[in-house]
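Visitor: Could you walk me through this one? I'd like to start with the charged contacts and then move on to other things.

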Amino acid sequence: MSELPQSTIDAFHNGKFYIEQPKGVGHRSGIDAMLLGATVPLDATGKLADLGAGAGAAGLSVASRSGVETVLVEKTEIMSDFARRTLALDQNRDFAQQCSVLNADVELSGLARLSAGLLDNHFDFVIMNPPFNETADRTTPDALKATAHAMSDNMFEKWIKTAAAILKARGQLSLIARPSSLQNILNACEGRFGQLEITNVFPRSDGDAIRVLVTGVKSSRARLTLRPPLIMHEQADGTSSGKGVYTQAADDLINGRKFL
């Protein structure tokens with residue numbers, strides 16, 4: 001097991017589950033992970049893979065409120081170790097037994113992917129929060145953060161190809177990304193996923209979208225749907241950053257009371 005950096009233990013869904021994650025280095029989970037988890041129905045059953053899981057926040061946001069058997073798939077040893085420590089937390093004992101950690105590279109294909117434990121036609125749900133910065137943005141001296149934040153070449157093609165391979169027929173893919181990646185996502189879904197639903201996420205009603213939530217169904221031929229936008233913050237705070245009081249819709253999603 002790798003020597004881990006300093007960490008914090010953070011509560012999500014108003015204390016329904018906790019995550020141990022690095023302090024001062026690497027990627028720290030937050031609202032994006034909760035929105036991603038909210039794309040899975042509250043009463044979901046079956047098996048779920050959280051690709052690029054980090055310490056496990058998105059996957060555990062589903063496992064903690066459902067009976068879904070959850071596999072946290074993470075490439076780096078350090079974050080895989082944090083995911084294991086997260087599952088060992090006493091606060092997560094009620095659902096930890098239905099979760100496991102798989103140290104594997106999502107971008108593997110063919111026999112290499114199978115050998116890593118990512119099996120064909122195995123999961124009912126796949127969720128992913130891939131690195132969202134362009135490769136040119138990989139300027140941080142924090143190597144762990146760079147790995148988590150900067151996308152590789154043809155990343156969405158590789159990740160979505162893996163999702164299509166490991167999902168069962170009619171299984172659901174969900175992902176969160178920046179709007180600038182939407183064309184690459186749609187290209188990668190072509191011929192693999194249909195019934196695509198896109199939700200634009202806005203900080204406030206007068207701002208540009210900062211994220212897109214995309215869901216799709218394996219092998220479906222149903223048409224793409226643009227869903228109503230998700231506004232994260234009330235307008236009354238008057239701040240340019242968009243931070244302030246969450247709208248009721250956003251608060252329900254990020255705290256696990258409703259799904260998208």
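Guide: One definition before the details: buried means under 20% relative accessible area, exposed means over 50%, and partly exposed is in between, with a 1.4 Å probe and protein chains only. This is a predicted model, in which local features need pLDDT of at least 70 and side-chain atom pairs count only at pLDDT 80 or more, while totals for chains, interfaces and linings use all residues. Residues are numbered from 1 along each chain as its sequence is written, and side-chain values use heavy atoms, with hydrogens and water left out.

Visitor: OK, how many salt bridges are there by this rule?

Guide: The count comes to 14 salt bridges, where a salt bridge is a side-chain nitrogen of Lys or Arg within 4 Å of a carboxyl oxygen of Asp or Glu. One of them joins Arg-85 to Glu-20, with the closest N and O atoms 2.9 Å apart. Arg-85 lies in helix 3 (residues 77-88) and Glu-20 in strand 2, so this pair ties together parts that are 65 residues apart in sequence. Helices (H or I, at least four residues) and strands (E, at least two) are DSSP runs, numbered from the N terminus.

Visitor: And is Glu-20 buried or exposed?

Guide: Glu-20 is buried, because its relative accessible area is 6%, whereas Arg-85 counts as partly exposed at 34%.

Visitor: What does Glu-157 pair with?

Guide: The side chain of Glu-157 meets that of Arg-192 in a salt bridge of 2.7 Å, N to O. Glu-157 belongs to helix 6 and Arg-192 to the loop between helix 7 and strand 8 (193-202), so the pair links parts 35 residues apart in sequence. Glu-157 itself is partly exposed, at 35% relative accessibility.

Visitor: Then how do helix 6 and helix 7 cross?

Guide: The axes of helix 6 (residues 155-166) and helix 7 (residues 182-189) come within 9 Å and cross at roughly 40°; such axes are lines fitted to C-alpha atoms, for helices over the stretch in contact, and angles run from 0 to 180 degrees between N-to-C directions. The two helices are therefore oblique to each other, given that angles under 35 degrees count as roughly parallel, over 145 as roughly antiparallel, 65 to 115 as roughly perpendicular and the rest as oblique.

Visitor: Switching to the backbone, which residue other than glycine has phi near 70°?

Guide: That is Ser-219, found in the loop between strand 9 (211-218) and strand 10 (225-226); at 53% relative accessibility, Ser-219 counts as exposed. Asn-14, which is not a glycine either, has a positive phi of about 55°. Asn-14 sits in the loop between strand 1 (7-12) and strand 2 (17-22), and is exposed, with a relative accessible area of 63%. For background, most residues other than glycine have a negative phi.

Visitor: Last one, how far is Gly-46 from Asp-124 in space?

Guide: Gly-46 and Asp-124 are 5.9 Å apart, C-alpha to C-alpha, although 78 residues separate them in sequence. Gly-46 is in the loop between helix 1 (31-37) and strand 3 (47-51), and counts as partly exposed at 29% relative accessibility.
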